[in-house]
Each structure stands twice: as C-alpha cells, then as structure tokens.
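Thank you all for coming. I would like to walk you through one structure this morning, going slowly from one part to the next, so please keep the picture in view while I talk.

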Amino acid sequence: MTTAVFWLCAVGSVASGIAVFRVDSMARATFALLLSFLFAAVPVLLLDLTYLGVLVVLMMIMEMVVMAIFMIMYMMNPAGLMPMTMVHNQKGSLVIAVGTFLVLATGVLLIPWPQQERARPDDPTMQLGEALMGSKMLVMIVLGLALFATIVSTVVLATHRGRYDRYGDQLERDRPDDPIAGGL
Amino acid sequence: MVETSQWGALVLPALLLSFAVAASSFNAVLSARAAGARADLAHPVREFAGLLVQQRRRTLAADSLLWRAAGITLLLAAVLASLVTPLGHWAVSDLSIGVVWFNAMEVVAWAAVWLAGWGSNSAFGLVGGYRFVAQGLAYELPHMFALITAATAAGSLRVADIVAAQRDLWFVVWMPVAFAVYLLSVLAMAFFGPFDQPVGREIAGGVLAELSGVDRLVFLTGRWLLLVSGAAMAVPLFLGGGAGPVLPDWMWSLVKTAGVLAALVWFGRRLPTVRMERFTEIAWIVLIPLTLVQALVVAIVVMP
C-alpha cells in the first residue's frame with residue numbers, strides 16, 4: 001500500500017513537474033508546480049513526519065498563490081492571459097537539469113543508506129528536529145532574529161510613506177494625511 | 001477521549017451540508033425581514049434547484065479546467081477541514097497535528113477563490129480573486145495566532161487534547177481575544193459579510209460574476225461549507241467541545257455549532273462591508289499585536 005502510494009506520488013510529481021513547462025499559461029504553470037509540490041508532500045507523510053508533511057501542504061499553497069500573482073504581474077502582458085512559454089535558454093537548462101538529475105540519482109544509488117534495525121521512534125518529527133538542529137540551536141535562534149530584523153529593516157527602507165509623511169514633520173497632525181483616507 | 005470512526009466520513013458531508021442549508025435558510029430569512037418581505041425558508045432549496053437546471057454561461061477564452069477545479073477544491077477543502085473536528089467524542093480522524101491539518105485545508109480557499117476569479121477570463125472576476133488573496137494576507141496571521149493560542153494552552157496540536165484541556169474552564173473564558181479573532185477570520189475566510197468584497201456588488205459579484213449553473217452551485221456550497229467548518233471548529237477549540245450538562249456530548253457539539261453559526265451569520269449581516277486594504281491595516285496593526293499578547297499571556301499561564 002505504502003509503496004503504491006509512493007510510486008503514484010512520484011509519478012504524479014514528475015508528470016505535473018513536466019506539465020509546468022508544457023502548458024501555455026502562467027496560472028496553469030504555477031498550479032501545475034503546486035500540484036507537483038503537493039505530490040512531494042505525501043512521501044513526507046509516509047515517513048510518519050505528519051507535522052512536516054501537512055506544513056509543506058500549507059506553506060506551498062500560500063506560497064504558490066502569492067507566486068502566481070507576482071509571476072503574472074511581471075509578465076509582458078500584465079493580464080497574463082496571452083499564451084506564454086516557460087521554456088527559455090533551452091539547451092542550457094536541459095544540460096543543467098539532466099546534469100543535476102544524474103548527480104542526485106548517482107548519489108541515491110551510491111550512498112550506503114543505514115539499515116533500519118530499531119523500531120521507528122514515537123515522534124519522528126522531534127527526532128528529525130533534534131538531529132538537524134539540536135547542536136546548532138544557538139545559531140538557529142540568532143539566525144532567526146537576524147532574518148526577522150532584515151525583514152523589518154527592508155520594509156522600513158522600502159516604505160514610501162513613513163510617519164513623517166503621514167503626520168507632518170513635527171508629527172503634529174491628529175489625523176494622518178493619506179491618499180486614501182480612513183487608515184489607522 | 002475521542003473515538004475515531006471511518007464511517008463518520010459518510011456522515012460528515014451530510015451533516016455539514018445540513019448545517020449549510022440551515023445557515024443559508026437563516027440568512028434568507030434575515031434578508032427577507034430586512035427587505036420587509038415574507039420569510040421564505042425554502043429559498044435555498046429553490047435556488048439549489050434553479051442553479052441545477054440553469055444552463056452554463058460561457059465566456060470567451062475561459063480557462064475551464066482551472067475554473068471548474070476552483071469550485072470542487074473549495075468544496076473538498078471545506079469537508080476535509082472538518083475531518084478532525086470532533087462531534088461529541090467521535091471524530092473521523094484524530095490526527096496528532098489536527099490543528100495544522102485544519103489550517104492547511106482552510107488555506108486551500110486562497111487557491112480556490114483566486115482560480116475562480118481567474119478562470120472566467122473576466123476582469124471583475126479577476127479583481128474579486130485578487131481581493132480575496134489580499135484579504136487572505138490580512139486574516140491568515142491573526143487566525144494562525146488564535147489557533148496557536150488554543151494549542152499552546154493545551155500543549156498539543158491534537159484537537160482531542162485541546163478539548164480535554166478545557167474540562168475545568170473553557171478557553172473562551174480566559175482567551176476571549178483569540179476567540180473573537182478566530183470568529184472574525186472565519187467570516188473573512190468564507191468571504192461572508194463584512195468581508196464580502198471579493199464578491200462585492202460594485203464589481204458585479206466579483207469571483208461569482210460569471211459563475212453560473214452547476215459551477216455556481218458547487219462554489220456557493222463550498223463557501224457555506226467553509227463557514228460551517230469554521231464555526232464547527234470553534235466548538236472544540238474554545239467552547240469545551242461536547243462538554244455540557246444533561247444532553248449527550250454529540251448533542252452539545254451540534255447545539256454549540258448551530259449557535260456559533262447563527263451568531264456568525266447574524267453578525268456578518270449587521271456590519272457594513274470592510275474594504276480589504278483597510279482590514280489589512282486593522283489586522284496587522286491591531287489584531288496581530290492583540291493575538292500575540294493573548295498568546296503570551298496564555299503561554300505564561302501554562303508555563304510549567
């Protein structure tokens with residue numbers, strides 16, 4: 001049963017991945033890619049990593065919907081409804097794709113995978129988390145703070161109307177002066 | 001304790017659908033009263049039959065595949081979200097990460113509504129779809145923090161544990177902010193008033209503009225089911241699940257769900273429509289800090 005589900009998802013994932021480059025609309029390409037990611041989430045669930053699997057589903061849906069909007073926005077025709085193609089620099093990308101596939105596939109076949117002797121732990125997600133981050137927790141925490149600070153400062157730098165634009169140079173206005181009134 | 005029953009998967013859609021029909025009838029009655037007309041309880045049934053026989057309207061160069069997929073995904077997601085919602089002490093599935101599952105299935109609405117707007121190749125539809133995604137960015141974070149607050153208090157993402165943690169005191173009593181934000185975000189998620197801009201009248205119905213016949217029926221049913229699933233999940237998360245005197249626990253679950261649903265429909269109709277860019281400001285400047293403080297308070301209280 002598990003094997004059948006795995007192969008179904010493996011084939012489905014590759015097929016929808018190919019579909020990304022075969023369809024002629026940005027919306028279809030984005031949602032084909034989403035489908036491919038969702039198929040890839042199921043094997044994670046098969047490993048009893050329920051939390052990670054469902055999280056992949058959640059994040060990928062949100063991400064690809066936002067992605068669809070941005071991709072369509074950046075297209076030549078902003079309505080995005082004209083036929084388009086996802087294939088550029090065909091020879092180069094083919095070489096890179098085949099090369100990456102060969103390297104990864106050789107890796108899969110050559111690595112001496114550990115044999116499962118003990119029973120599966122009760123909470124594999126916890127185990128995986130500890131294995132990945134346990135000894136590097138301090139780094140992770142600092143990194144998290146640094147990333148968050150970067151996000152905040154980027155937004156502050158990029159915002160085109162700050163509080164001095166809204167409330168005056170001395171912050172003297174009671175109500176902000178906005179292009180669209182009624183904001184907080 | 002929650003017993004899981006595979007057979008529940010057969011009962012669940014029927015149960016959700018009856019709630020959806022009841023809520024839709026209630027909505028129709030309120031509409032009739034507001035218009036000074038005679039209350040018409042059978043309105044949803046008549047609309048159902050009407051849409052069933054209505055011929056499909058076609059638009060030029062529509063992306064039918066994505067357009068059809070939209071309604072079906074919305075419908076499926078609403079039902080799947082309720083897999084982890086217990087009815088008394090039964091649930092179809094008692095996942096260890098029930099809350100995350102519920103959240104993941106709700107997020108499917110983002111894709112579904114945007115696709116419904118996109119698929120018709122109509123400007124109004126597309127505007128409606130974009131509006132929903134903007135609204136999604138506004139409601140999703142406060143919504144997640146509200147869910148996390150309930151999970152933090154129980155120390156578990158399993159819905160059964162969250163219900164069990166409320167044996168002495170319902171979460172609604174000591175985390176009212178999370179409860180209120182949760183209900184607001186359920187209204188926004190089902191783009192029900194005051195968050196109905198994605199289907200606003202000024203853009204000719206938005207994502208619904210070109211939907212007709214069976215497609216419209218499927219999409220609207222999905223929307224009502226989404227509201228029902230959200231209301232039903234409020235019961236185990238904040239209202240003690242099936243806990244209550246005299247009546248059996250499944251009965252309490254039904255009664256509480258009906259109460260929450262009726263309150264949502266009534267409240268949603270009371271307020272004027274909120275523009276989504278304004279709601280985004282409110283959500284990010286007011287609701288997110290509020291829910292964060294609520295989560296902090298809860299975390300301090302339950303800290304071992």
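This is a predicted model: local features need pLDDT of at least 70, side-chain atom pairs count only at pLDDT 80 or more; totals for chains, interfaces and linings use all residues.

**Helix pairs and the core**

Let me begin with a crossing in chain B, where helices α5(B) and α8(B) cross in a left-handed way. Helix α5 covers residues 123–154 and helix α8 covers residues 176–189, and the two pack at an angle of about 145 degrees, with 9 Å between their axes. On the α5(B) side the contact includes Tyr139(B), Pro142(B) and His143(B), while on the α8(B) side Val181(B), Tyr182(B) and Ser185(B) are among the residues that take part. Sorted by class, this contact has 9 nonpolar residues, 4 polar ones and no charged ones.

Now please look at a second pair in chain B, helix α9 (residues 213–238) and helix α10 (residues 249–270), which pack at an angle of about 125 degrees with their axes 8 Å apart. Because of that angle, α9(B) is oblique to α10(B). Their crossing is right-handed, and the residues in contact divide into 9 nonpolar, 2 polar and 1 charged. Val228(B) is one of the α9(B) residues that meet α10(B).

What are the residues with the most contacts inside the largest nonpolar core? They are Ile61(A) and Val228(B), in a core of 126 residues. Helix α4 of chain B, residues 98–119, gives the most to this core, with 17 residues. If we leave aside its neighbours within four places in sequence, Ile61(A) is in contact with Leu34(A) and also with Val107(B), Val108(B), Trp110(B) and Ala111(B).

Definitions and conventions
Residues are numbered from 1 along each chain as its sequence is written. Chains are lettered from A and ligands numbered from 1 in the order in which they are written. A nonpolar core is a set of buried Ala, Val, Leu, Ile, Met, Phe, Trp, Tyr and Cys residues joined through C-beta atoms within 7 Å. A residue is buried if 20 or more other C-beta atoms lie within 10 Å of its own, exposed if 12 or fewer, and partly exposed in between; C-beta atoms are placed from the backbone. Helices (H or I, at least four residues) and strands (E, at least two) are DSSP runs, numbered from the N terminus. Two residues are in contact if their C-beta atoms, placed from the backbone, lie within 7 Å. Axes are lines fitted to C-alpha atoms, for helices over the stretch in contact, and angles run from 0 to 180 degrees between N-to-C directions. Angles under 35 degrees count as roughly parallel, over 145 as roughly antiparallel, 65 to 115 as roughly perpendicular and the rest as oblique. A crossing is left-handed if the near helix is turned anticlockwise from the far one by less than a right angle, and right-handed if clockwise. Ala, Val, Leu, Ile, Met, Phe, Trp, Tyr, Cys and Pro count as nonpolar, Asp, Glu, Lys and Arg as charged, and the others, Gly among them, as polar.
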